[in-house]
Structures are given as structure tokens and as C-alpha cells.
Amino acid sequence: MSRRTPSRAKPRGRAPVRTPSRLRRAGDLAALALVGAHLGLLWLMAHAGILPVWLLAVFAGLSVLTFAAYAHDKRAARREARRLPELHLHLLELAGGWPGGLIAQRLLRHKNRKGAYQFAFWACVLLHEVTLGHLWRQMANG
């Protein structure tokens with residue numbers, strides 16, 4: 001007589017819904033605040049005549065494109081298919097699509113744990129914002 005042990009197979013059906021931790025929610029709020037501050041800065045710069053209004057549409061389009069690129073890469077990662085090179089994501093972020101990338105990282109939980117990627121991401125954000133600040137100073141002084 002063989003003795004059978006109960007199966008440890010996972011129950012089928014939907015996975016339980018996880019509620020976000022307080023730390024995760026705080027990070028989400030901080031990300032939204034940062035994106036909101038960036039959008040406010042862009043609006044102020046356009047209103048002051050420092051940036052052309054059409055450039056706001058370009059930045060918005062880049063953010064949407066960057067979000068879509070993150071979603072595509074996440075889908076490819078799940079399917080073990082060909083992925084987007086990280087350099088392509090960073091170039092989109094650097095060009096002005098970093099708000100879409102940040103929102104994608106928070107919503108899709110993609111590229112948010114990899115330290116080297118995060119370092120490069122935040123370097124792109126910093127470089128982008130410093131460039132905008134420099135442009136602001138040049139226009140204000142000249």
C-alpha cells in the first residue's frame with residue numbers, strides 16, 4: 001500500500017488580488033507628484049514663451065510612446081520573446097518621454113527593481129530637467 005501525500009498544486013482560477021502596501025502607494029503618489037511638477041514646469045515655460053506650445057505636444061507624444069514601449073517590452077518578457085534594448089527605452093526617456101516611463105514602471109511593475117536600469121533612468125530624468133532649467137535661465141537672461 002502506497003501512501004499518497006496531498007497535492008500541492010495551485011488552485012486554478014484567478015489569482016488573489018493584492019492590495020498595494022503603504023510604501024508602494026507612497027511611491028506611486030511621489031511618482032505622480034513628480035510628473036505633475038514636470039508638467040507644471042513645461043506649462044510655465046510655454047506660457048512664458050520659453051518653449052513653443054507644439055513642443056508640449058511632442059513631449060506628451062513621447063510619453064505615450066515610451067509607455068507603449070514599456071508595455072511592449074513587458075509583454076515580450078512574459079512571452080519570452082525578443083525584447084526591446086534598454087538603450088532604446090533610455091533614448092525615449094531622455095528625449096522627453098520619461099513621465100510615461102515612470103508611470104509605466106509604477107503601473108506595469110516593469111524595470112523597477114533593476115538597479116543599473118534605475119540608475120540610468122534617473123540620470124536621464126536629471127539630465128532632461130537640468131537641460132530644461134538651463135534653457136529657462138538662458139531665456140530669462142537673454
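Me: How many residues does helix α4 have, and what distance does helix α4 reach from its first C-alpha to its last?

Reply: Please note that this is a predicted model. Helix α4, residues 115-141, has 27 residues and reaches 39 Å from its first C-alpha to its last. That is close to the 39 Å expected at 1.5 Å a residue.

Me: Which residues of α4 are buried?

Reply: The buried residues of α4 are Y117, Q118, F121, C124, V125, H128 and L132. Buried here means a relative accessible area under 20%. Of the 142 residues of the chain, 29% count as buried.

Me: How many helices and how many strands does the chain have?

Reply: The chain has four helices and zero strands. Read from the N terminus, the order of elements is α-α-α-α.

Me: At what angle do helices α2 and α3 pack, and how far apart are their axes?

Reply: Helix α2 (residues 53-79) and helix α3 (residues 86-108) pack at about 60 degrees, and their axes are 7 Å apart. That angle makes α2 oblique to α3. The crossing in which α2 passes α3 is right-handed.

Me: How do the residues of the contact of α2 with α3 divide into nonpolar, polar and charged?

Reply: The contact of α2 with α3 comprises 15 nonpolar, seven polar and three charged residues.

Me: By what is a pair of aromatic rings described?

Reply: Such a pair is described by the distance of the centres and the angle of the planes. This structure holds two aromatic pairs. In one of them, the rings of Y70 and Y117 have centres 6.4 Å apart and planes at 85 degrees, so the pair is edge-to-face. The cut-off behind that reading is an angle of over 60 degrees between the planes.

Me: Which parts of the chain does the pair of Y70 and Y117 link?

Reply: The pair links distant parts of the chain, with Y70 in helix α2 and Y117 in helix α4, 47 residues apart. Both Y70 and Y117 are buried.

Me: Why is the pair of F121 and W122 classed as it is?

Reply: The ring centres of F121 and W122 are 5.0 Å apart and the planes stand at 85 degrees, so this pair is edge-to-face.

Me: Let us turn to the backbone. What is the phi of E80, and where is the place of E80?

Reply: Phi of E80 is near 55 degrees, a positive value in a residue other than glycine. E80 has its place in the loop between α2 and α3. With a relative accessible area of 74%, E80 is exposed.

Me: What is the phi of R109, and in which loop is R109 found?

Reply: R109 also has a phi near 55 degrees, a positive value in a residue other than glycine. R109 is found in the loop between α3 and α4. At 40% relative accessibility, R109 counts as partly exposed.

Me: How many residues apart in sequence are L94 and E129, and how far apart are they in space?

Reply: L94 and E129 are 35 residues apart in sequence and 9.6 Å apart in space, C-alpha to C-alpha. L94 has its place in helix α3, and L94 is partly exposed, with a relative accessible area of 31%.

Conventions: Residues are numbered from 1 along each chain as its sequence is written. This is a predicted model: local features need pLDDT of at least 70, side-chain atom pairs count only at pLDDT 80 or more; totals for chains, interfaces and linings use all residues. Side-chain values use heavy atoms; hydrogens and water are left out. Helices (H or I, at least four residues) and strands (E, at least two) are DSSP runs, numbered from the N terminus. The expected span of a helix is 1.5 Å times one less than its number of residues. Buried means under 20% relative accessible area, exposed over 50%, partly exposed in between (1.4 Å probe, protein chains only). Axes are lines fitted to C-alpha atoms, for helices over the stretch in contact, and angles run from 0 to 180 degrees between N-to-C directions. Angles under 35 degrees count as roughly parallel, over 145 as roughly antiparallel, 65 to 115 as roughly perpendicular and the rest as oblique. A crossing is left-handed if the near helix is turned anticlockwise from the far one by less than a right angle, and right-handed if clockwise. Ala, Val, Leu, Ile, Met, Phe, Trp, Tyr, Cys and Pro count as nonpolar, Asp, Glu, Lys and Arg as charged, and the others, Gly among them, as polar. Rings of Phe, Tyr and Trp (its six-membered ring) pair if their centres lie within 6.5 Å; planes under 30 degrees apart count as stacked, over 60 as edge-to-face and the rest as tilted.
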